[in-house]
Amino acid sequence: MDRKQPYFDRVCALRERMEQTGIDAYLVLTDDFHASEYVGDHFKCRAWVSGFTGSAGILAVTKNAAGLWTDGRYFIQAADQLAGTGITLYKSGQPGVPTLSAYLAENLREGQCVGYDGRTVTVDYAKGLKEALRAKNVTFRENVDLVGQLWTDRPALPEQKIWLLGEQYTGKSRARKLTELRQALEEENAGAILIASLDDIAWLYNLRGSDIAYNPVALAYTLVYPDRAVLYISPKATEGEAAEALAADGVELRPYLQVYEDLKKLEKGTRLWADTGCINVALLGAVSRDVELVDKPSPTTLAKAIKTPEEMENMRLAHIQDGVAVTKAIYWIKQQRETQAFREGKITELTVSEKLAQCRKERPGFLELSFESIVATGPHGAIVHYDPTPETDIPIQDNTFLLMDTGGQYMQGTTDITRTIVLGTVTGEMKKHFTAVLRGNLALGGAKFKHGCTGVNLDYLARSPLWEMGLDYNHGTGHGVGYLLNVHEGPNGIRLRDAGGKVGTVLEEGMITSNEPGFYLEGQYGIRCENLILCKQAEKNDYGQFMAFETLTMVPFDVDAIDPALLSDREKTLLNDYHQKVYETLSPYLEPEESQWLFAVTRPV
């Protein structure tokens, strides 16, 4: 059987269920019940039906067609994984490509029915979809999990035990966080706040879990009132000391899905604070119409993004250990080129991925990786979020780029770094492209700006060297990063535009954001240079408060890929100063031969 045949068959089976239930278009989203970016195995319905495994995408199935919408990170991957499934790829944001709602508006007839599992669809998304289809008088079935009916061996909901972080890591107790949250409730005159976002809940209660791979969160909801707090979570997850510590801070534990029943019992006239961008349709459907909705982002989202002094210092320590690990791995990779194993093609993408993981495991405080490692040689580098599997794994190629986007979860924080290195020699054109990407990274990392700026204001700095050449990259420049939490964290980010035309979140001291411009030439190679940067206050004068970035990542860039003639004097100074700091920081942790190598590769340009 062709490896794509099961997905073709599943789409056909889904159509049969749709016909039986009177649904004309069925949507399968990526989300779990919490609008998470990455989800546990139980929630991978879209991947199960379509075969597409990326972290973003929506599948729409109608009687005669099936389409999947995803963003620029996954165009190449999705095209490969969807080939032969009967599912059409729609490249979101590209000229001539309709949005999903526009596609449905054009293809559905008057009065037809759209269905989905409302537990996996946010209120905001459903609202936008209904508005787009209003003219067609489309009806909606929001309580049907058709994929769940077909997926007979579906993994169970996870119930892994949680653990608690001490104040030496967080800098703020859960009692203090609850007090500050209740102050916000009082200012809003709200009687309760419903939080469904898993990393917000983990942050609020200083708990961590393992219900989602690489994201140390636990499946949970919480309702916080002026006088009490309820955490809805599996009893198996809180057995032992965790339950006692939470109870000591006045946190009542109730079963995970009891939140629906408790929402139905909210008193008439209660002002319920809930972010409709994060809560799902089913949750809001459980709330009486007599309850007043306060639709605003949870205060925990911004508070979580602004790291405490303790978190900032711990993150610096995490990046030193991570820098040691990645630098050791790069040294090892460079040495392999002269080996018989390399010449025989025995050093593959998975070999490198395993070496990086091994180097991290040897560092103190390491817990796990922070996402699936991206190790891509040659043309695989142009697949923005490619991760090697036994089926796709190939030997590391000579005379081209090797792109490695990897990260770790440490007790001291979360890391995310991309280095693109050269094995052998590369062409002048390849160096030109690499240098442009590096220049963008240096410009953003060295930026000084007025307080009040958002990532939208700064994105141009990273893209400008590529734009000057008529080139670009099809992803955001930077995302927020959690503290021993999700590697992708809002609300801060650096991108061309924010969703819904919003201007974005003001960059505040304590926010950690990635700085990762790139360039991708399909079928040939990919380049990305990524550091994590910490926003800090600079001087304050008559013109206002100025801000700057501190680069946390401590790993050299590959000077073999740089054309120094294309760097300005300021760019050379930024690069040389960074490399000097990398050498001074890491060399005490390295073996003599590694330190000598690092001294050579951080030489002034």
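Here are some questions and answers on those labels.

Q: What should I know about the model before we start?
A: This is a predicted model, in which local features need pLDDT of at least 70 and side-chain atom pairs count only at pLDDT 80 or more, while totals for chains, interfaces and linings use all residues. Residues are numbered from 1 along each chain as its sequence is written, and side-chain values use heavy atoms, with hydrogens and water left out.

Q: How do you describe the way α8 and α9 pack?
A: Two packed helices are described by the angle between their axes and the distance between the axes. Axes are lines fitted to C-alpha atoms, for helices over the stretch in contact, and angles run from 0 to 180 degrees between N-to-C directions. For α8 (residues 174–188) and α9, the angle is about 115° and the axes are 7 Å apart. Contact means heavy atoms within 4.5 Å, and here R174, K177, L178 and L181 of α8 meet W203, L204 and Y205 of α9. For the classes, Ala, Val, Leu, Ile, Met, Phe, Trp, Tyr, Cys and Pro count as nonpolar, Asp, Glu, Lys and Arg as charged, and the others, Gly among them, as polar. That gives 5 nonpolar, no polar and 2 charged residues in the contact of α8 with α9.

Q: What makes α14 and α20 roughly perpendicular?
A: Angles under 35 degrees count as roughly parallel, over 145 as roughly antiparallel, 65 to 115 as roughly perpendicular and the rest as oblique. The axes of α14 (residues 309–336) and α20 (residues 592–601) cross at roughly 85° and come within 11 Å. The two helices are therefore roughly perpendicular to each other. The contact includes Y331 and K334 of α14 and W597 of α20. By class, this contact has 4 nonpolar, 2 polar and 4 charged residues.

Q: Why are β12 and β14 called edge strands?
A: Two strands pair if DSSP finds at least two bridges between them. An open sheet of 6 strands runs in the order β12-β11-β10-β8-β13-β14, with mixed pairing. β12 (251–254) and β14 (292–294) each pair on one side only, and they are the edge strands. From one strand to the next, the twist averages 25°.

Q: How do you know that β11 and β12 pair?
A: They are joined by 4 bridges in the parallel sense, against the required at least two. Y232, for instance, has R254 in β12 as its bridge partner.

Q: What makes β17 mostly covered, and which strands does β17 pair with?
A: In β17 (residues 400–406), 7 of 7 residues are buried. This strand runs antiparallel to β16 (residues 374–377), with 4 bridges, and V375 stands opposite M404. β17 is also antiparallel to β20 (residues 417–423), with 7 bridges, and there L402 stands opposite I421.

Q: How do you know that both faces of β24 are covered?
A: In a regular strand the side chains alternate between the two faces of the sheet. In β24 (residues 512–515), I512 and S514 on one side and T513 and N515 on the other are all buried.

Q: How do you know that C535 is in no disulfide?
A: A disulfide is a pair of cysteine sulfur atoms within 2.5 Å. The nearest cysteine sulfur to C535, that of C453, is 9.8 Å away, and C535 is in no disulfide. By this rule the count comes to 0 disulfides.

Q: Why do C535 and C453 count as buried?
A: C535 has 1% relative accessibility, so it counts as buried. C453 has 18%, and therefore counts as buried too. C453 lies in the loop between β21 (448–450) and α18 (455–467).

Terms used:
Buried < 20%, exposed > 50% of the residue type's maximum accessible area, 1.4 Å probe, protein only.
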